[in-house]
Structures are given as structure tokens and as C-alpha cells.
Amino acid sequence: MPSVLMYFDGACLPRNPGGHAAWGVWIEGLEPDGVGLCGYVGHGNGITNNVAEYTALISGLEYLLRQEVRSCEVRGDSELAIKQMNGEYRVKAPNIIPLWTTATALGRQLARVSFRWVPRKQNSQADLWSRFGLYYSVEDRARDVLANYDIWFEAGAYHMRGLGKDRVWTVSPQKDGRFRCDCPAFQRSSIDVCKHAAAAWLLVGEGKKTEKKRCVV
Ligand SMILES: [Zn+2]
């Protein structure tokens, strides 16, 4: 078995299609603590879970090639994507054909690559990273929070106050690495995202308060 394992996953929430799509990748065997990658795909016309799955696959393969990895086993819980990558299913959806073509071309640049389906529970790290990818749906506003809010960490949570404002929002880390916020936008969100939660994730996501290496493309 190759020493590098790459897990990939896509999310399209709260509906597929018609939701917000994000992707996540988890790589073992490259860095001691593993490498997580994620990003936001978008929402609206043409955005599906399968588009998110292929975006994960392509982004992960591009990362491996940049790291000059020669050999890898790629694992995902999308039977469709795995069987398409193995040539067992034909690719018929017009929006998937270019993605499949790109993923296949990238795979061929590796000296050795295999694609293997795994059950969802074995893909939980890539799934979690795809949830982190949803934070990038509000990236601009989250970076504005980081630049312009007073932020302090106290009693196990981040507290955020807009400059000149009285109201303080409290952003609490969850066990899985995501964040909950007590602001109205988070309470209304169907994907557990607000600019404060995303700002907190960007703080830890860039390695400030975390043990796992978290790089983002
Ligand atoms: Zn919030």
C-alpha cells in the first residue's frame, strides 16, 4: 500500500442540490499530524454534492502533486465518484465531465494511484474538513471581523465585539473543531455558519490554537 492516503469528501447543505457546497480533504502519511484542506464551492445553479466531491478530489490531487507525492491511495465515500474514477461507471452529467477529465489527468501524473470506496464513518475527517469549508462562504466578512473587531479568548470561548459597539458575541469551540455563535445570523443559519464562527475558525485554522496541521488552499 502506498504510504500516503488521501481522503476526500464533499458537502452540499442543507439541501442537495440547492444548498451551499464545500469540499474537504484529509491526508495521512505526509506530515506527522496529518494535513487538512478545505474550501467553498458555491451555491445555486449547477452546484451539487457530486460537484463538491470532484472539487475535493481535484484539490487534493493538486496538493499531492505540489508536494511531489509519487504514489497515493485515494479514499472517498462517494460510490459514484470512486466508480467513475475507476472506469466502472460512465460519466454522463455534463457538469461532471470536465471535472472527471481534470481529476483523471491529475491522477495520471502520479506514478501510482488507486481509488477506493470506504464507508462514511471511515471518511469522517474529510467530512469534517468539508464542513470547515463552509466557513469560506463568508470569508470576506470573517476577515473583516479579524481585522476590525476586538477579539479575546476567555472561559473557553472567543468573545468578539465590533469596534465602537457594546454587544459582545460569544463563539464557542465544539468538540469536533467547529464553532457555535450566539448571534442571530448563526441561529438562523442552516449550515451553522456566521462571520464570527468563521473568524474563530480562521484564527485556529491558521494554526494558532490547534494541534493538527491545518492548511487551506
Ligand atoms: Zn455570529
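Student: Does Glu 68 count as buried or exposed, and why?

Tutor: Count its neighbours. Glu 68 has 6 C-beta neighbours inside 10 Å, so it counts as exposed. Keep in mind that this is a predicted model.

Student: Where does Glu 68 sit, and what is its phi?

Tutor: Glu 68 lies in the loop between H1 and strand S4 (71-76). Here's the general idea: most residues other than glycine have a negative phi. Glu 68 has a phi near 60°, which is positive.

Student: What is the phi of Asp 192, and where is that residue found?

Tutor: Asp 192 also isn't a glycine, and its phi is near 55°, a positive value. You'll find Asp 192 in the loop between helix H6 (184-188) and H7. With 17 C-beta neighbours inside 10 Å, Asp 192 counts as partly exposed.

Student: Which peptide bonds are cis here?

Tutor: Start with the general rule: most peptide bonds are trans. In this model, the bond from Leu 13 to Pro 14 is cis, with omega near 0°. Another cis bond joins Asn 16 and Pro 17, and its omega is about -5°. Pro 14 is in the loop between S1 and S2, and Pro 17 is found in that loop between S1 and S2 too.

Student: Let's zoom out. How many helices and strands are there?

Tutor: The protein has seven helices and 10 strands. Its C-alpha trace spans about 60 × 40 × 25 Å along the principal axes. For 217 residues, a compact globule would have a radius of gyration near 17 Å, and the protein's 18 Å agrees with that.

Student: What share of the residues is buried?

Tutor: Buried residues make up 41% of the 217. Helix H4 (residues 124-133) gives you some examples: its buried residues include Trp 129, Arg 131 and Phe 132.

Student: What do the buried residues of H4 pack against?

Tutor: They pack against strands S1 (4-13), S2 (20-28) and S3 (35-43), and also against helices H1 (49-66) and H7. To picture any helix, remember that an α-helix has 3.6 residues a turn, so residues three or four places apart point the same way.

Student: How do I read a sheet? In what order do S6, S7, S8 and S9 come?

Tutor: The order is S6-S7-S8-S9, in an open sheet with antiparallel pairing. Strands S6 (149-154) and S9 (179-181) stand at the edges with a single partner strand each, so one side of each has no neighbour in the sheet. From one strand to the next, the twist averages 25°.

Student: How many bridges pair S6 with S7?

Tutor: S6 and strand S7 (residues 157-162) pair over six bridges, in the antiparallel sense. For instance, Asp 150 has Arg 161 in S7 as its bridge partner. Helix H7 packs on this sheet, touching S7, strand S8 (169-173) and S9, and its direction makes about 145° with that of S9.

Student: At what angle do H5 and H7 cross?

Tutor: For two helices, look at the distance and the angle between their axes. The axes of H5 (residues 139-148) and H7 (residues 195-205) come within 8 Å and cross at roughly 70°. That makes H5 roughly perpendicular to H7. Among the contact residues are Ala 142 and Val 145 of H5, plus Ala 198 and Leu 202 of H7. By class, this contact has six nonpolar, one polar and three charged residues.

Methods:
Residues numbered from 1 in each chain as written. Predicted model: local features only at pLDDT ≥ 70, side-chain atom pairs only at ≥ 80, totals over all residues. Axes fitted to C-alpha atoms, helices over the stretch in contact; angles between N-to-C directions. Helix = DSSP H or I, 4+ residues; strand = E, 2+ residues; numbered from the N terminus. Parallel < 35°, antiparallel > 145°, perpendicular 65-115°, else oblique. Contact = placed C-beta atoms within 7 Å. Nonpolar A, V, L, I, M, F, W, Y, C, P; charged D, E, K, R; others polar. Rg over C-alpha atoms; globule rule 2.2 N^0.38 Å. Buried ≥ 20, exposed ≤ 12 C-beta atoms within 10 Å, placed from the backbone. Pairing = 2+ DSSP bridges.
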